Structure formats: C-alpha cells, structure tokens
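Please open the structure in a viewer and keep the selection tool at hand.

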Amino acid sequence: MRKLLLALLFTGLATGVFAQQTQKTLKKVYVSKLFTCSLDLMLDTLAKDYHLKFVFERDSISKYHVVDHFLNESLKNVLDQVCSNNHLHYWVESDKIYILENTDDLARLKKMDMLWTAAAATHLTPVELPKSPPKNFNFSVSGKVIDQSTGESLPAATVRVLNTPLSFSTGADGLFVFFNVPADTCVVEASYSGYQTYRFRLDAEKIKNSITVEMLPALNTLNEITILGKKSGVMNTDAKKVGVLQLTPASLDKLPNMGEKDVLKAFQLMPGVSGTNESSSGAYVRGGTPDQNLVVFDGFTVYQVDHLYGFFGAFNANAVKDVQLYKGGFSAKYGGRLSSVTEITGKDGNAKQATFGVDLSLLSLNVFAETPVNDKSSLLLAFRRSYQGPLYDKIFKQFNATTIPATGSGGGGGFGGGGGGGFGQQVTPASHFYDADARYTYHLNTNNTLALSFYTGTDKTDNSRDLPSFNSSIISNSITDYTKYGNLSGSLKWSSVWGKNVHSNTYVTYSSYFNDRNRTNSGVNYVSGNDVAFSNGTVETNDLKDFSAKTEWDWQISNTLKLLYGGFATHQQINYEYTQNDTNKLISQHNKTFLGGGYAEIEYDPTGKLHIQPGMRTTWFQETGKQYFEPRFSASYTLNDHFTLKAATGQFYQFINQVTRQDVLNGNRNFWVISDGSTIPVGMARHYMGGASYENDQFLINVEGYYKTLSGLTQYTIKQQGFGPGSGNATIEQAFYTGQGNAKGIEVLLQKKLGQYTGWLSYTLANTQNKFAVYGNSYYPADQDVTHEFKSINMYHYDRWNFSAVFIFSTGHPYTVPLSSYTITGADGNKTTAFNVGAKNAERLPNYHRLDLSATYDLLKINGNKTGSIGLSLFNVYNHKNIWYREYQVQNYQVITTDVTYLGFTPNLTLSLRW
Amino acid sequence: MVIKKHISIIIILLTVTILSACTKDNPDTKSTTLPVIESYLMPGQPVVVKLYQQKSLTDTAVYGAHITGMKVYISDGSQKVQLTESTSGVYTYTNLTFLVTGKTYSLQFNYLGYNVTASTVMPAKPVNFVSQYPGITIVSGTPGNRGTVLNLFSWSNPDSLNHVLVIKGVSATVPVNSFSSDKPLNSQINTNRASYYNLTASPFAYLGAYQIILLRVNQEYINLLNNNTRTSSQDLNQVPTNIVNGFGIFTAMQADTLNFTVL
C-alpha cells in the first residue's frame, strides 16, 4: 500500500514537467503513415510509436474510423485533423493526451485513468526520482511564475515547497523567494487560478539561478480544483487578509454584461461594494464614495473611471491581467484616499506568439493585439469604441435628457428637454466613447525590465448644429454644444531584481483628466453695413494634471520577515474655469500643489499561524505646509486549516476631492479640486475592521465587520444669482460645505468555489451617516447609505455552456422630500415658489432589486483551447422600475413629482473571437 | 467546536456594536404649519406684512391661504405698535414716519403656539445713483451683441454694501425678438457689493419705458436672492429665511429710481 502511494506521489510530482514535454513532442514529431482503422487503434499505434499516453473511452472512440494518409505532418496537425473530422477535442494535461467527445468528459476520464493507473501502479516505473542525494541544504532559491503560452508574469500565484511550511504568494511581478529550503531534492509546487498545477523537483543546477516556473492554462471549462485554498473563478477572496478581493478579468464573460466585460462593475457584485449605483462605475466601498477609492493602473492614478455617465467602467478587460480591491485598512504602500484602493495590473503582451482578439456587442467594438516584438520585448494594443446603436441610445437617454430636433424647425431653442413638445421628433445627440491601451515591455536583461504603458479614454457628446437664419440680418448662426471628458495617462515602469531577495519597481507617471462643456451660440450679424461676429454662452472646463514619480521596494529578509518601503513625489495641477460670453470668467481657479513622502511596512510571520503587518506612511502636502502621518496595522491568525481570524486598522488622508455638479439635463459633471486646508479641508479617516473566515475545499464563509470615522468631508454646490431673462445676468458662486461622517457594517459572504455550480451569496448590513452644518446639527443617512444589501451570484457550467443569474436586492437610497411649498413676491414683483424641505435624507426610495441573466457558449479549438464565445445577456429581466431620484418641479405654482428611473429590461449580444 | 464558538461570539459582538450605534437623531425639520411672511419695509411707505399658510405640494393656488385675525406687532426698539388687518391676511401700519434709517425693526406675533419673530435694520438711502445714458437702443431680432455693455450705472459704495438693481417695466410691451414674449418683464440683479453695473441688452425682453431702481438691501435679502432652488431629491435644500418659526422674508430696504428707455 505504501509503495502504491509512493508511486502515485511520484507520478504526481512529475506531471508538470511532462505536460510541457508532451506539448513539445506534439509539435516536434512528424508522422508519415497511412491509417485505415478505428480511431482507438490509431491512437494505440501513435502511443506505441512515440511513447505517448492517450486517455479515452475505448467503447465510444472505437466507433470512429480513420482513413488518412499523413505525409510528414506534425503530430499536432495529425491530432487536429483527426479530431476535427470526427468532431472530437483533445486536451493535453500532465503527461497525457485526453480524447474528448465532450469537454465535460475530462473530469470523468481523469478519474477513470486514475483507477487504471492505480491498478497498474506496480507496473509503472517511478518517475523523476532525485538523480543524486541532496548536495545543498538550507539554501535560498528565487524565481518567477509565468504563463507558458504568453510569457506574462502571474501575480498572486501560490508557490510551495512540499512537505515544508514554506509557501509564497507572488506579487504583481510573479516573483517568489524561499529561504532555508531544507534540501535541493525538494519538490516545488506552483498553482494559480485557471492554470494546471505545476510541480518540479529542485536540483543542484536549478537552484544556482533564478527559476522560471512556466504554467499551462487549464481546460477553460473546468471549474474543478482539488487542492485546498486554491483560487478559482471570477471572484476570489484571500481568507487570510481582511477586506481584499481579487478579480480575474479573463473569467468575466461568465457573468451577465451590458455590452462590455467590466472589471469595475464586477466588483459591484461583491460584498461590501454597493451594487445599486447604475450611474457610477466607481466603487462605493463600505460607505465610501467613488472619489474616496484610489484607482491605480500600472502605477498611475486614474481620475476618471467611467464611460457613458457611469454605466461602463473605463478599463478594457482585454488589456487587464489582474485587479485587486482593498476594501479598507489597506497597506501603507497606498495612500491619498479615505476609503479603498483598486489596483489594476495591465497585461505585458504576449512574449511568445502573436495573438489577436475581437469582441463585438450591441454597444461597442473591442479589438486587441499582443505580439512579441523581438526576443526581448513585447507589445499590447487594445482599442474599443462605442457605436450609437439602439442600446447605446437607450443608456444615454437614461442619464442625459438632452435631445435635439430631428429637423431644423424653429431653431434657437436648443434644449427640447425630455418630452418637450413642439419640436417634432426628438433624436439623441451624437455621442460616443472610446479608449485605447498600449503597453510595451522590454527586458533589458534577466533582472531589469522596462514597461511603457499608455492609456487614454474619452466620452464626447456633440450637439452642435447650424441654426436656420430667422432674421435677414444674421449671416450665419450656429450652436456649439458639446461635453467631453476623459483621461490621458502614461507610465514608465522599471522593474529590477537586486539579488534573490530584493526587488523594486520604480515609476515615472503622468495622468491627466479633463471635463469640458461648451455651449455657445455664435455667428455673424450684419449690422449697419458691417459684419459683427457674436458669441454667447458658457464654457466650463476642468483639467487636472498629475506628474508623479515613485519607487516601491520589497525586501524579503527571511522566510518570516519582509520589509516593504518606498517613496513618492507628486505634482498636481488643476484648472477650473467657468466662462460666460467669451470674456466673463465666473469661476477661474488655477491650483498647483506638491505632495511627497514615503512609507515603510513590515510583514512578519512569527509563527506559521500569526501574520502581522505594521506600517507607516507619511505625506508632506504643500498647500497646508504640513506633514501627515498614517499609521497602519493588519494581522491575521490561522486557527487551523479552515479558520482564520483577521483585523486591520489605520489612518488615511485625502488631499484632492472630486465634486459633483448635478445637472439633470446634461448629465452630472465631475470636477477635481485640491484641498486648501480651509474651505476645502484635508479629509481624514480611521478604519477599524475585523473578521473571521472558514474555508474548505468546497465553500468559503467570510464574515467581516468595519467601523470608519471620517472628517474633512466636502460637498460642493454652485449658487446661481439673478433671474433676469436671458443668461447675461446670471453670476455664479461656488460654495463648499464641510462635514464629517462615519460608516459601519457587517458583511457576510458564502461562496461555493467548486463544481459545475459556483457562485456566492453576499449580505451586508450597513449604516453610513454624515453631519454637515448646512443640513443641521445632527447626523443624517449619507446619500450612499444602504441598510440591507443582498446579492446572489449563480454560475452554472454545462459542457460548453455557461449560464449565470445575478440577483441584487437593496434597501432604497435615502432622499429628501419637500413637505410643502410657499410663494412670495420679490422686490421686483416676480413671484418665486420655494419648498419647505424635510429633513435631509429622511425618506427612503423604494427598494432596489433586479435580476440579470446570461448564457455564454464557448467556441473551442480542436485542442480544447478557447477561441471565443457567443453570449446573450439580459439586464433587469423583469423590468423593475428602480428609482434613481425624484424630481420636483413647480408648474403653475403646483409641484409636480416625477420619478427618474434607472435602466429597465435591456438585452445584449456579444461575440468574442481570439486567434 | 471552540472555534465555532469564537466565530459566533465575534458575530454577536459585531452585531451589537452595529445595532447599538444605529440609534437615530431626528434632524431639525420645520413644521408645515409654520406661517409664511412677506414684508418689505421702505421709509415713506406704510408697513405692510402679508401672512400666508404654506401650500400642499399639489395646490395650484398662487399663494397659500391668508392667515387672519392675528395680533401682529412691530417695534422700532423704543416703540411697539400693533398692525391692523387692512384686508384678509394683510397687516398694515400707516404712520409714514415710523420707518427711518438706522433703526432695528422687530416683528412678533403668536401663531398656533409658535412665537414668530424676525428683525431687520433699515439701511441708508443709496447715494449718487447715476446712469451713463438715459436709455439704450437694442437692434431688434439679433441674438448677437447681447453680451456687449451698453450702459453704465454707478453709485457711491465705499463700504461695499449690498445693492440690488431692479429693472421694472413701466410701459414696455414690444418683444425684443420672437423668443421674448414668454419672458418676465421685470428682473433684479445682485450687484455683488460693487459700486457700478455694466448693463447689457440681456435683461430686456421688451422695448419701452423702464424704471431702474437701485435698492440698498440687507444680507437676508441677498440670501433669499442667491437661493438656487433645486429640484432633485438628491439635492434639495431649505431656502434661507430670517424668520424664526416661519418662512419668507421680513427685510428693510431703501430705493433710488431712474427712468430708462429701451428702444
């Protein structure tokens, strides 16, 4: 019995190596042979001739007949052709080639094969025993985990030295290091979501240099993973860390999507992130607002994270490798935001072979290409653009009430308004969004890599048009009316490995944000024999420029001690102008500031069970001339294989604020402003979070609680003065209200990780309140406060089909009601009607709920690799009218209440192709 | 088992923390039964205080129902007088010498158990209010040049006091262009504590005779004027008022008037 187990163990150990060898054999071996037999016999022949192991069900495979003459064909081509002719798939895993009638058969074949192997174990030669007795003891070894097919480094992969407590989770660069490895005959295992687990034996040669661990993708349709604690699937939580979520962009097509796989929207399905804000892709994390969430993409801060009024995230999932969301109490490595951090790592580009992809939906076209440029560098290009089909129009109209007359009747009026009659047919103005990613990675040598990353995205709505001349003196007359906002960002990253246990990433980054609105009526007027040019209207521009440099160091001192440290410097520049009639600048702000500082953090594992992580971050902020200190601490304690306790706390500052100017007609506008320490204070938050998790190979139960205090919160309003006819009189004045708040809550997550059915249930009980003097002296529910939120995400995999159902229920958002109205006459004799406004956010909108469904059919290559998919998504299936907000308008002294709703039932089709 | 106990204790503790922190304060709201006051005190004119009830949201009446039968008092610091209800809901005091520059006037009455009060200071009369031209000419039908400065109004304001310019149509009926016909005749402009105002064609929707009234006003009136009535439930805000236990305005002001023609 013991012998049998030993034999099994060794077979297992050698599998990874053999999988690669088998892949190579398929390409290298050439077949010249005539086959006229049943398929099972042909496979037997091949197995014998080329020392291969085929696994198949003889009963079913013997039905297929092969009559083919191969002349110097690679074995891979032979298999491709034979399987293709018979509508079969093959799949290479471990040292075996599985012949599948149906991709779901793999699990069954594997089990079957295991039984056969066990029965025949005594006849197997034990594989890959140590070649010699160990020569090296207690040495250190380092390396990198990469994808064998693309050369991409794999972040958050788990590397273990078997039969020792040594275990390492790779960082964004895929690097790992072990100290005190007992002997150079130990076996190392690498595992990562969506990849075949890879094991190899160390030897005296290997440990001399950095080891590159190349992992092969798992059969796409597999949900089955048999090792405890493995990450798999769409959403992964690290049971040992508090408030961390990881997302695999490649798995996003298994969820319902509204036109684009959306990494930011996917987070909204997870516990602790509000899922009911259809008008924002930004994350409302644990009572925080989107501007309190730091979004970092390849080292640069992203200031505009959505397209189309928040309905879509600004990041192209095809250009993204990995996304991590830190829901609070995060590491000292990150700072400058009060609530949370979203870190997005872009793909490097395929260093092995050129690949291309196209995604087409009712909303947009998305294309990408990855290619090695030479043996040292690779390139990734991704681009997507919306097109104004019915789906785009439907979403656009949901968030923007602007319409223009289909014909040029009447002219001049400009804003037809929702349902404004008299203009005949109303059409949506020309509008689109696009974004582009480019990344060039250059390996200077084995230890130094440079990566140049570029990202840009823009939303533009253009309503400009020529007006018909309604007066003989007007020679030309046109309206310029556009809104344009977006980002332009780039970074140069230098990754360096300084010996086995120190590595660093140094970045020089540029990130800009702009938000421009121009509504001007201009033309030429013929007055008294002269042409007089005229231009009236408003131009509003906000632009932000962020130049930063930062360096992040990672020093693994021993197996139990790691030091993280680094420094940063940022120059920010914000311009905000509101100009009227060309010359009259109502708001003109030009601010510049400098921020600089550093951080240090220790990760210490005094015992195998306890992990503590104290850190400190400090920032000097030019505007206030003060130094800010942010202590951080997190810890986890593993009770046993299944239970973990964890906690985190910290202090956080925010020096820049996003303010929203509500504009019902044209969609809300967002602006960034720099804190000045007085009217716009520096925001400060303290987090206290704790939790416990239970995890086995099937399920994960995670319970976390949090309490946060916030001060120096800012709200913004523009006050308009003067009510004269025409716009010439209006002056505006901006006002900032400051206040404080707190947030607390409990999140419960139950996740089923394995099997054909996977998914999770998430429940959050939360309370978020603010106190702003302008609304009184008491706390009131914050705008984003939701008491109960329940989410059920269900995914079912059957053969090549993936079905999913997402149900979201939440308490309605709080809102303010007018209790009554009154009318008084001003000194000019004009009457104004005002509301007696009820307590701030005292009422609740009706509960929000919706069901989304999707079905995806995978297109597979003969060798089982995925080549694309066809998907159907249904959003808000039962067409529930979820209310966004209520609108109170005074018409003839009467107050008319209108419900403004979110999107109703909307279907979408997607087609994805890869080659 | 021990571990399960641990977890349940943690959950219970967390729940207790959350729930205990959920006790709600009720932020101050204003009752819908509070009265609405409209009163502008100007020297040389009788004191007029109009009292209304608030309206329900679906009410189509212009004003709320009159509040009648009140004992309304006004005091100038030394003398307290009771106003008489001249017509329903309109309370007056006709002694034209009562209102003088520099005095503080306080309004007081009891309504449904509320002690309703307000006070205001009578500002001085505007000084040296002059116009560059007696009138302006607007080329009818042109959307252009409405931003061009056509006339300068100026006055003395060394202390940067609040002034409002009221444009009041006297016999202006001819619309400036085809879009003007639904625009109000009168308007008012906050001059932002300046001592001049550059007039453009914008305030004028009609051609004809106007009065340009320069009002020296108090901050409470500016607050009301600055109010930007919001209509979205995400953004509703109480309109500022200087009335305690009520809504509306009780403010003193002084005027200087020029005649002005727009052709």
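Select A:His51 to begin: this residue lies in the loop between helix H2 (39-50) and strand S2 (53-55) of chain A. Helices (H or I, at least four residues) and strands (E, at least two) are DSSP runs, numbered from the N terminus. The phi of A:His51 is positive, near 55 degrees, in a residue other than glycine. A:His51 is exposed, because 11 other C-beta atoms lie within 10 Å. For this term, C-beta atoms are placed from the backbone, and a residue is buried if 20 or more others lie within 10 Å of its own, exposed if 12 or fewer, and partly exposed in between.

The model is predicted: local features need pLDDT of at least 70, side-chain atom pairs count only at pLDDT 80 or more, and totals for chains, interfaces and linings use all residues. Residues are numbered from 1 along each chain as its sequence is written, while chains are lettered from A and ligands numbered from 1 in the order in which they are written.

Next, select A:Asn163, in the loop between strand S7 (158-161) and strand S8 (167-169) of chain A. A:Asn163 is not a glycine, yet its phi is positive, at about 65 degrees. This residue counts as exposed, with 9 C-beta neighbours inside 10 Å.

Move to helix H4 (residues 75-85) of chain A, where A:Leu75, A:Val78, A:Leu79, A:Val82 and A:Cys83 are buried. Viewed down the axis of H4(A), these buried residues fall within an arc of 115 degrees, so they line one face of the helix; the arc is that of the directions from the helix axis to the C-beta atoms. After H4(A) comes A:His87, with a positive phi near 55 degrees.

Now select A:Thr276, in the loop between helix H6 (263-267) and strand S15 (293-297) of chain A. Is A:Thr276 buried or exposed? It counts as buried, because it has 24 C-beta neighbours inside 10 Å. Leaving aside residues up to four places away in sequence, A:Thr276 touches A:Val786, A:Ile808, A:Ser810 and A:Tyr848; contact requires C-beta atoms, placed from the backbone, within 7 Å. The C-alpha atoms of A:Thr276 and A:Glu789 are separated by 9.0 Å, although the two residues are 513 residues apart along the chain.

Turn to chain B and its open sheet of four strands, ordered S4-S3-S7-S8 with antiparallel pairing. Its edge strands are strand S4 (80-82) and strand S8 (114-121) of chain B, each pairing on one side only. Strands pair if DSSP finds at least two bridges between them. Strand S3 (residues 73-75) of chain B pairs with S4(B) in the antiparallel sense over three bridges, and B:Tyr73 has B:Gln82 in S4(B) as its bridge partner.

Then highlight the largest nonpolar core, of 66 residues, in which B:Ile37, B:Val49, B:Val164, B:Leu165, B:Leu215 and B:Met253 touch the most other members. A nonpolar core is a set of buried Ala, Val, Leu, Ile, Met, Phe, Trp, Tyr and Cys residues joined through C-beta atoms within 7 Å. A second, separate core of 64 residues includes A:Tyr284, A:Phe300, A:Leu379 and A:Leu544.

Finally, colour chain B by pLDDT, the predictor's confidence in each residue, from 0 to 100. The average for chain B is 83, and 83% of the residues score at least 70. For the complex, the predictor gives an ipTM of 0.86 and a pTM of 0.79.

Terms used: Two residues are in contact if their C-beta atoms, placed from the backbone, lie within 7 Å.
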